[in-house]
Amino acid sequence: MSDIEIVESLKRDLGARALEIANPDRRRIFLKVAPAELVGAVSLLRDKYDCAYLATVTGLDRGEAFELLYHFASPVACVSVRTEIPRTAPRVASICAVIPGAILYEREIQEMFGIAVEGIPDPRRLNLPDDWPDGQYPLRKDWKHVRPAEVIPGGKS
Amino acid sequence: MLNKLTRWSRIKSPWILHLNSGACNACDIEIVAALTPRFDVERFGVLLKATPRHADVIIASGPVTRQIRDRIVRIYEQTPNPKFVIAVGACAMSGCVYRGAYNIMGGIDQVIPVDMYVPGCPARPDAIVDGVVKLLGKL
Amino acid sequence: MSFEIPIGPQHPALKEPISLRMTVDGEVITGVDIRLGYNHRGVEKLAEQKTWIQNIYLTERICGICSHSHATCYVQAVEKLMELLPPRRGLYIRYLVSELERVHSHLLWLGVAGHEAGFDSFFMYTWRDREIVMDLLEMISGNRVHYAINTIGGVRRDIDEGQKAKILEGVATLRKRSEYYFAIGANEPSFVARIAGVGMLSKEQAVSLCAVGPVARASGVARDVRKEDPYAVYDELDFELCTADSCDVLGRVVVRVKELLESYKMIEQMVRNLPDGDIAVKAPRKAKPGEAVSRYEAPRGENIHYVKSSGADKPERLKVRAPTLGNYPATIEMLKKGFIADIPLIFAAIDPCICCAERAVTLVDAANGAESIVRMSELRRRALARAKNAPVKGNAVWPF
């Protein structure tokens with residue numbers, strides 16, 4: 001299927017649930033859905049559009065909302081599913097039941113942005129160290145790192 | 001000159017422990033490449049050992065991440081005296097491009113005392129061999 | 001070829017910290033847990049504070065073995081944002097270095113696999129040949145690792161006729177030697193028997209756990225970013241997608257060996273058909289607002305970068321997913337139901353970009369919960385001892 005055919009087919013299948021569909025470049029399709037429709041859209045992509053392969057999940061801090069992008073790849077196109085969740089209620093459903101390989105990426109957004117992924121099979125931290133304090137989410141835009149003073153052995157600090 | 005060097009090396013014949021404290025792996029591959037036939041650090045009697053209890057020299061690479069900091073200190077304490085530390089690569093010296101990252105302490109010398117610095121990103125195997133031999137000369 | 005091959009008592013090949021925790025029942029592994037984070041450097045946060053050009057050097061240092069893949073993937077995304085079209089000569093040089101990197105990475109990995117399977121002389125042979133590639137890369141770019149040949153809009157350095165001749169010569173030598181090793185593999189039944197049947201990952205599991213790269217291709221999943229999403233010059237080159245059907249470590253070795261031979265073919269094509277012209281176009285300092293997804297076939301699998309710009313001279317967000325992370329769920333699956341003794345081999349077979357031969361593995365006894373920490377080198381010794389006493393698997397055959 002070509003890009004245009006995929007876009008048209010998605011419009012037909014999702015109807016009003018597809019808030020926005022964009023095709024900015026060859027083989028790149030961006031689809032926006034509401035958080036409640038996420039699992040349904042992912043299941044549809046897996047079953048009908050051959051998008052069983054999830055490349056990664058990107059989190060973005062947009063100010064009043066967090067944006068999540070799920071990047072899927074089929075043999076003919078790269079479909080990225082976008083949802084927006086409010087900063088005051090950062091919760092999203094887990095897609096691990098549909099795509100088992102999503103577990104590590106969901107753990108990463110949990111610890112980096114503080115987004116609670118509901119239904120995640122394994123909620124532990126992925127990358128941050130064991131002694132990282134709770135409540136500190138490094139990839140949020142308002143989180144700044146203060147570098148501790150460096151000690152230069154045998155020299156001026 | 002070469003005879004004096006090889007004599008020193010045969011007398012000392014240090015056993016090396018390779019420590020990676022969160023690096024990108026380039027310096028580590030160059031350290032292992034120093035063992036391969038082209039650079040061959042084994043002709044100086046240097047052997048790569050796996051456990052800190054047998055090591056004389058610790059070759060450390062990488063900027064120190066928070067998670068591995070305690071383990072590095074522990075490995076340093078487990079190594080018996082006399083021991084020496086060589087910091088290989090720009091990351092081990094000061095953090096290289098990662099300075100300022102939230103999970104990085106800086107160079108290896110923020111955590112354990114260092115005796116020799118080998119610069120480069122990554123340090124070439126010849127530079128590493130040169131650093132090891134110079135350290136042997138100082139002993 | 002008059003080299004002495006020193007075979008030392010211990011060559012812990014790659015060193016990078018990672019912690020494995022396995023639940024065992026006798027010799028069989030029943031549960032696996034991998035603790036990451038020893039290598040987490042906060043690159044994504046750092047990238048937001050550096051300009052577009054500085055980020056090339058930052059992304060390069062995400063990994064030392066496949067540094068060019070990260071830099072190229074990033075530069076591809078940024079060029080899309082800035083709407084730049086690099087000249088064809090620049091693109092050819094860039095992807096020539098990509099294929100050379102694939103060759104060096106696969107040779108490195110073959111050495112590591114040989115070492116893990118007890119075949120140390122193989123390790124020394126392949127790493128010596130890897131030096132040919134390192135010399136070529138140094139000639140083209142100025143450094144053995146972290147070539148930094150990319151710039152936004154093209155490449156930094158050009159290659160001349162003398163260098164082209166040297167590349168062709170080097171590749172011809174490598175091809176001869178590679179074919180010699182693969183013939184050795186065919187006549188060494190203990191090597192093949194050691195790796196056949198180990199680390200099984202069925203095709204359905206590979207698909208559902210989103211495995212990438214040679215690990216997926218060894219289970220029959222025929223996906224390769226160079227074929228399905230051809231970027232720049234790959235739709236002009238003639239090469240095959242390499243798969244295997246055996247779903248085990250032998251399949252992964254076979255896939256990488258085939259990819260090596262295909263890479264030699266591609267390098268020769270690129271050098272012979274190198275177009276004339278400039279090597280770069282000028283890039284603006286700021287990028288227009290937008291977002292771009294860039295995929296690249298690194299030696300270990302699919303590398304994906306997502307870059308978002310808000311019109312400034314620094315990126316708003318850079319997201320990197322390196323290929324080995326995509327293979328972890330599959331690795332956990334492969335380790336289950338395997339033997340403890342096979343852990344080093346299975347782990348090495350995914351070609352982890354964060355693999356340490358001296359990791360400690362924590363074994364938890366399923367029956368009584370007792371924990372013990374075992375070194376990888378100890379596991380390797382046990383594996384080799386066991387393999388020596390085991391009967392040679394009669395039906396394991398080198399499929400060439």
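Guide: Let us start with a term: pLDDT is the predictor's confidence in each residue, on a scale from 0 to 100. You will want it, as this is a predicted model.

Visitor: What average pLDDT does chain C have?
Guide: In chain C, 82% of the residues score at least 70. Taken over the chain, the average pLDDT is 80.

Visitor: What ipTM does the model score?
Guide: Two scores are given for the model. The pTM is 0.88, and the ipTM is 0.92.

Visitor: At what angle do helices α3 and α4 of chain C pack?
Guide: Two packed helices are described by the angle between their axes and the distance between the axes. Here α3(C) covers residues 67–81 and α4(C) residues 88–116, with axes 9 Å apart. The angle is about 150°.

Visitor: Which residues of α3(C) make that contact?
Guide: On the α4(C) side are C:R94, C:V97, C:S98 and C:E101. By class, the contact has one nonpolar, four polar and two charged residues. From α3(C) come C:H68, C:S69 and C:T72.

Visitor: How many residues of chain B are in contact with chain A?
Guide: By class, the side of chain B that touches chain A has two nonpolar, five polar and two charged residues. Chain A contributes nine residues to this contact, and chain B contributes nine.

Conventions. Residues are numbered from 1 along each chain as its sequence is written. Chains are lettered from A and ligands numbered from 1 in the order in which they are written. This is a predicted model: local features need pLDDT of at least 70, side-chain atom pairs count only at pLDDT 80 or more; totals for chains, interfaces and linings use all residues. Axes are lines fitted to C-alpha atoms, for helices over the stretch in contact, and angles run from 0 to 180 degrees between N-to-C directions. Helices (H or I, at least four residues) and strands (E, at least two) are DSSP runs, numbered from the N terminus. Two residues are in contact if their C-beta atoms, placed from the backbone, lie within 7 Å. Ala, Val, Leu, Ile, Met, Phe, Trp, Tyr, Cys and Pro count as nonpolar, Asp, Glu, Lys and Arg as charged, and the others, Gly among them, as polar.
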